[in-house]
Amino acid sequence: MATQEKEISNAIGLEEIGTERQEPKKEQKTFTVEEAVETIGFGRFHIALFLIMGSTGVVEAMEIMLIAVVSPLIRCEWQLNDWQVALVTTMVFFGYMIFSILFGLLADRYGRWKILLISFLWGAYFSLLTSFSPSYIWFVFLRAMVGCGVSGHAQGLIIKTEFLPTKYRGYMLPLSQVFWLAGSLLIIGLASVINPTIGWRWLIRIASIPGIILILAFKFIPESARYNVSTGNNKAAVATLERIAKMNRSVMPEGILVEPVNERRGRFSDLLDSNYLRTTLQIWIIWLGISFAYYGVILASAELLERDMVCSLQTAVKELGDDSEESRSPCHCRLFAPSDYRIMIISTIGEIALNPLNILGINFLGRRLSLSITMGCTALFFLFLNICTTSTGLIGFLFMLRALVAANFNTIYIYTAEVYPTTIRALGMGTSGSLCRIGAMVAPFIAQVLMSASFLGALCLFSGMCVVCAISAFTLPIETKGRALQQMK
C-alpha cells in the first residue's frame, strides 16, 4: 500500500514538473544605451555637460588663435622672414595631425575621458613652457608640443555627442560654436591689452589659465556610457545612466542593459571597409578643405591688417612713392594698432552670425545639403576679397567669410560624430582631425607667403578647394539627420 501511494505521488510530481516546463517563461525586459539616453531625455546633466565640455572649445580657440596675435611680435623680436612666421603655425598643426590619430586610437581603446584629461595636462604644461622660449627654434618646438595636446580636445565633442538624445544633437552641437567664439574674442582682447604693455610671454602665461581651471571641472563628467558597454563594462554604464537620470529627475527604462561586446575597437581598417570607405574618403577631403579655408581666412585677415593690404592704402603708398627699406624688407616689423584689434574682433564675431541659420539648415535641410550650400558661398566670398574696396568693405567680406567657415566646421563636426559607430567614432574623428591639420599646415604658406606674391592666385586656391568640398558634401552617401547613433558597424 505504501509503495502504491509513493508511486502515485511520484507520478503527480512528474506531471507537475511537465506542466511547469510547458508554461512559457516570461521574457525579461532589456534596453540599449541608445534607448536609455532617449528615455532619460534632456535635462540638468546635459546643461552641465554642455558648459564643461563646450569650454574645451574656449581653450582650443585661445591656443590656436594665439599665433595670429603673437606673429607680429615674434617677427620683430627674432627678425623673421615670412616663411619662418608661417612655419610656426605649420608646426603647431603638424603636432596636432600626428597626435590626433594617436589620441583617436587610444580613446576608442581606453576611454574618451582619460585621453581628454591627458591632452589638457599636456597642452597646459607645454603652453606655459612656450612663454620661456629663449629662441625661435625653441618657440617652434614647444608650440608643436602644444598642438599635440590640443588634438585630444575633440574627445569633449565625442562625449557630448554620445550623451545627447538624437533630436537635441542638431541644436546643441552647433551652439558649441559660442565657446570657440568666446575663446577667440578673449585671446584677441587680452592681446590688445597685454602685448603693448607686458609682452607676448605674459599673454601666453595668462592664456593657459582657463585650461588649468577646466581640468578641475572634468571630475563632474563621467566616461561615455556607450564606450563602457562597447568594452563589456555594463555595470559602469548603468551607474552612469542612473546618475544622469537622477540629475535630470527622470527614470531609467525597465529591464537590464544589454549590448554586444566588440573586441574590435579603434581599428583603422574598419574605417576603410566596404561600409564606410566612400564616406571616409569624402569626409577626409571635406575636413582638409574646411580647415584650409578656415585658417586661410584667419591668417589672411592678420596678413591684410599687418601689411596694410587694403586697396586704398596700397594706392596711397604708390602715390607717395614709398620705397623705404622697411617696406622692401621681408623681415618688416609692424605691430598691430588698436584699430587692427578692433577689426579682428568684429570679423571674429562673424563666426556666430550665421549660427541660427546654420542650425535651421542642419535640422531641416539635412547635414549634407546644408554643408554643400555654405561651402559654395565660402568659395564665392573668397573671390570677393579681390574686389578693390575700403576698410569697411574688407571688414564686411571678412565678417561673412568667418561666419561661413564657422558654419562649415559646425556641420562637419556633427556629421563625423554621427556617421561612425561607437567602436570607431573617436578614431574617425581623430583621422579626420589629422587630415584637417594638413589643410591648416598648408594654409599659412598660401595666406602669408603666396598672398604676398600673387593675391588673386592665393584667393583662387582657397575658392577652388571650397568648390571641391561643396561637391563632396553634396554626394556623401549617408545622411545622419534624425539617425540614431550606431553602436556597432
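How many salt bridges does the structure hold? The structure holds 10 salt bridges, a salt bridge being a side-chain nitrogen of Lys or Arg within 4 Å of a carboxyl oxygen of Asp or Glu. Side chains of opposite charge can pair when their charged atoms come close.

This is a predicted model, in which local features need pLDDT of at least 70 and side-chain atom pairs count only at pLDDT 80 or more, while totals for chains, interfaces and linings use all residues. Residues are numbered from 1 along each chain as its sequence is written, and side-chain values use heavy atoms, with hydrogens and water left out.

**Stop 1: Glu-77 and Arg-201**

Select Glu-77 and Arg-201, which form a salt bridge with their closest N and O atoms 3.2 Å apart. Glu-77 is in helix H4 (residues 56–78) and Arg-201 in helix H11 (residues 200–207), and the pair links distant parts of the chain, 124 residues apart. Helices here are DSSP runs (H or I, at least four residues), and strands are runs of E of at least two, numbered from the N terminus. Glu-77 is partly exposed, with a relative accessible area of 39%, and Arg-201 is partly exposed at 23%. The cut-offs are under 20% relative accessible area for buried and over 50% for exposed, with partly exposed in between (1.4 Å probe, protein chains only).

**Stop 2: Glu-162 and Arg-425**

Next, select Glu-162 and Arg-425, whose side chains meet in a salt bridge of 2.6 Å, N to O. Glu-162 lies in helix H8 (residues 154–163) and Arg-425 in helix H23 (residues 422–453), so the pair ties together parts that are 263 residues apart in sequence. Are these two residues buried or exposed? Both Glu-162 and Arg-425 are buried. Glu-162 counts as buried because its relative accessibility is 1%.

Now show what surrounds Glu-162. Leaving aside neighbours within four places in sequence, Glu-162 is in contact (heavy atoms within 4.5 Å) with Val-37, Arg-112, Ser-224, Arg-226, Tyr-227, Thr-422, Arg-425 and Leu-485.

**Stop 3: Glu-479 and Arg-368**

Move to Glu-479, which forms a salt bridge with Arg-368, the closest N and O atoms being 3.4 Å apart. Glu-479 lies in the segment after helix H24 (455–474) and Arg-368 in helix H21 (residues 367–384), so the pair ties together parts that are 111 residues apart in sequence. Glu-479 is partly exposed, with a relative accessible area of 24%, and Arg-368 counts as partly exposed at 24% relative accessibility.

**Stop 4: Gly-482**

In the segment after H24, select Gly-482. Gly-482 counts as exposed, at 64% relative accessibility.

**Stop 5: two helix pairs**

Two packed helices are described by the angle between their axes and the distance between the axes. Axes are lines fitted to C-alpha atoms, for helices over the stretch in contact, and angles run from 0 to 180 degrees between N-to-C directions.

Select H23 and H24, which pack at an angle of about 150° with their axes 6 Å apart. That makes H23 roughly antiparallel to H24; angles over 145 degrees count as roughly antiparallel, under 35 as roughly parallel, 65 to 115 as roughly perpendicular and the rest as oblique. Residues of H23 including Ala-443, Ile-446 and Leu-450 meet residues of H24 including Phe-455, Leu-459 and Phe-462. The residues of this contact divide into 11 nonpolar, one polar and no charged. Ala, Val, Leu, Ile, Met, Phe, Trp, Tyr, Cys and Pro count as nonpolar, Asp, Glu, Lys and Arg as charged, and the others, Gly among them, as polar.

Then select helix H2 (residues 33–40) and helix H14 (residues 234–247), whose axes come within 10 Å and cross at roughly 10°. That makes H2 roughly parallel to H14. Ala-36, Val-37 and Ile-40 in H2 meet Leu-241, Ile-244 and Ala-245 in H14. The residues of this contact divide into six nonpolar, no polar and no charged.

**Stop 6: the nonpolar cores**

Finish with Phe-139, Ile-187, Tyr-295 and Phe-382, which touch the most other members of the 108-residue largest nonpolar core. Such a core is a set of buried Ala, Val, Leu, Ile, Met, Phe, Trp, Tyr and Cys residues joined through side-chain atoms within 4.5 Å. Apart from it lies another core, of 26 residues, among them Phe-31, Ile-40, Leu-214 and Phe-218.
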